[in-house]
Amino acid sequence: MSSSSTLEIQPSSEAQNSPEATRPKVGFVSLGCPKNLVDSEVMMGLLHRGGAELTPRAEDAEILVVNTCSFIDSAKQESVDAILEMVEHKIANGGRAKKLIVAGCLVERYRDEIRKNIPEVDAVVGTGELESILEAVGLSRPPAVESNSPFNILSTAQIERHASSVNQHSRPESDSAQVVHETASRPEGDAREAAGRFSREAWDGAHTALPTYLYTADTPRILTTPRASAYIKIAEGCDHPCSFCIIPQLRGKFRSRPIASIVAEAQHLIARGVREITLIGQDTTCYGEDLAPDAELGRRVELADLLNALAPLPGLKWLRFLYAYPNKITTRLLETIARHDNIAKYLDVPLQHASANVLRRMKRGGTADRFLQIIDKARSTVPGLVLRTSFIVGFPGESEEDFAKLCKFVEAAKFDWLGVFSYSDEEGAQAFTHEDKVAKRTIEARRRKLMKLQQKISTHAKKAWVGREVDLLVEGESEETELLWQGRTLDHAPEIDGKVLINDFGPHEELVPGTFYRAEITESHDYDVVARIIE
Ligand code: SF4
């Protein structure tokens, strides 16, 4: 499955409240990041529970849903292209597709413009309105959970796994338990709201109320990730002031799910065969800061507490989290990562830049020296730590000197995985108003230069992998050639890092996707390595 294509699911074997003849057939296209993918999985779960039949083939669908991304220009263009492609299905396919629904971040940003400029779009569903996908499709919403207490008492999820490209099957679930959900907000978020950080007043048609939706362990979800792996969104929204980013306006203020809800979801996923869980949110290291203090701990829970609660779950082989904010990496968090064998010794910290001048204008703060101190501490507390980061080059006002500082920092820090984004000027972001924009060709040249630098660092580091024995989660045939298979180690997060290519099945006639094997690394390339299975 690709996050930018029609989600590969098989038609549902069950529907809860619709007779066969009236079950609408819905096709889904999901774009953007894993956080958006979880939203797609939630909407598919709601639709399935509501009686819809899901189809992986756009040409078979009566209703098409495109869940869009609006992070940067290229993502917006990809979203518009996908919508127009689905318009073609609606017009060209003998009238089979009767409805086209657009969901996600593009709706939050361009709600009115989508409807005005693409009249074939029948309904729009914002990031805070996932449950209204039911009305958009023509199904009714289940009654709301009633409670007059300040706590929401929720039963645990019926989480269904559907077939995807790696042979998954629907497995209905009927367990139940209870979790307690109580939220407040972060003082930083309240202050930034008062200062206008989340304002969408200038946005054509945007709802004035920010999205507040957060799925729970009670929300049905259909997994589309390869068997054995699943994401859990532990928080939504963001309170940070980064001046290049409109995600806080698109997704709302930071809000965490309670630990009990996340643990309940993890248990259900594990019961269905998931062995690797990846925790996500816009900033996972702020986890818990908006929750009421925990009576037993006498303080608010933190990401470290969540990891401590999840790591001992029987059957959970790998646990990781993505998207850490640099100044939120605490000693307690690092020690927790070091303590549990099944937590990936892996930190994904998008640093965005290393020049203090640019970081200040990005409204992120920090300096190259401070970041190197954080990295040194992380590496000494967690032996063998793998580090991923990403940078933006060409932020307004980035001088040659700033860029040189960034390159020097990258050489010193020696990241295991690194992504470089070209600055994208987003209307509505504070940086949009800066006048000292960097020329596009300069931005591209800097991006290529930084990637080349990282390629050298990576090529050298990957050589040290040769001869290592590793646990390998086999994903299936290689995306590049049917002559090879591919998998991941605990040092590779799903979808974003390099690959382990498998050219020798060792003692096995064939490999089973979604299964762990022992393997030896036999060759290295720039970013990928080659392995042979040994057990
Ligand atoms: S941390 Fe900054 S870049 Fe990341 S989502 Fe929040 S505002 Fe955007």
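Mentor: A salt bridge here means a side-chain nitrogen of Lys or Arg within 4 Å of a carboxyl oxygen of Asp or Glu. This is a predicted model, in which local features need pLDDT of at least 70 and side-chain atom pairs count only at pLDDT 80 or more, whereas totals for chains, interfaces and linings use all residues. Residues are numbered from 1 along each chain as its sequence is written, and side-chain values rest on heavy atoms, with hydrogens and water left out.

Trainee: How far apart are the closest N and O atoms of Asp 471 and Arg 518?

Mentor: Asp 471 and Arg 518 are paired in a salt bridge. Their closest N and O atoms are separated by 3.1 Å.

Trainee: Where does this pair sit in the chain, and how many residues apart are Asp 471 and Arg 518?

Mentor: Asp 471 belongs to strand S18 (residues 469-477) and Arg 518 to strand S21 (residues 516-524), strands being DSSP runs of E with at least two residues and helices runs of H or I with at least four, numbered from the N terminus.

Trainee: What is the relative accessibility of Asp 471, and what is that of Arg 518?

Mentor: Residues are called buried under 20% relative accessible area, exposed over 50% and partly exposed in between (1.4 Å probe, protein chains only). Asp 471 counts as partly exposed because its relative accessibility is 31%. Arg 518 is likewise placed in the partly exposed class, with a relative accessibility of 25%.

Trainee: Is the pair of Arg 257 and Glu 265 buried or exposed?

Mentor: Arg 257 forms a salt bridge with Glu 265, and their closest N and O atoms lie 2.6 Å apart. Arg 257 has a relative accessible area of 1%, and Glu 265 also comes to 1% relative accessibility. Both residues are therefore classed as buried.

Trainee: How many residues apart in sequence are the parts that Arg 332 and Glu 302 tie together?

Mentor: Arg 332 and Glu 302 form a salt bridge whose closest N and O atoms are 2.8 Å apart. Arg 332 lies in helix H9 (residues 331-339), while Glu 302 lies in the loop between strand S13 (276-280) and helix H8 (303-310), so the pair ties together parts whose sequence separation is 30 residues.

Trainee: How many disulfides does the rule count, and what distance separates the sulfur of Cys 33 from the closest cysteine sulfur?

Mentor: A disulfide is a pair of cysteine sulfur atoms within 2.5 Å, and by this rule the count is zero. Cys 33 is partly exposed, with a relative accessible area of 30%, whereas Cys 242 is buried at 7%. For Cys 33 the closest cysteine sulfur is that of Cys 69, which is too far for a bond because the separation is 6.1 Å.

Trainee: What is the phi of Lys 414, and what is that of Glu 495?

Mentor: Lys 414, partly exposed at 48% relative accessibility, is placed in the loop between helix H12 (400-413) and strand S17 (417-422). Although Lys 414 is not a glycine, its phi is positive, at about 50°. Glu 495 is exposed, with a relative accessible area of 53%, and occurs in the loop between strand S19 (485-488) and strand S20 (500-504). Glu 495 is not a glycine either, yet it has a positive phi of about 70°.

Trainee: What C-alpha distance separates Ile 280 from Tyr 323?

Mentor: Ile 280 is part of strand S13 and counts as buried, with 0% relative accessibility. Ile 280 and Tyr 323 are 43 residues apart along the chain, and their C-alpha atoms are separated by 7.0 Å.
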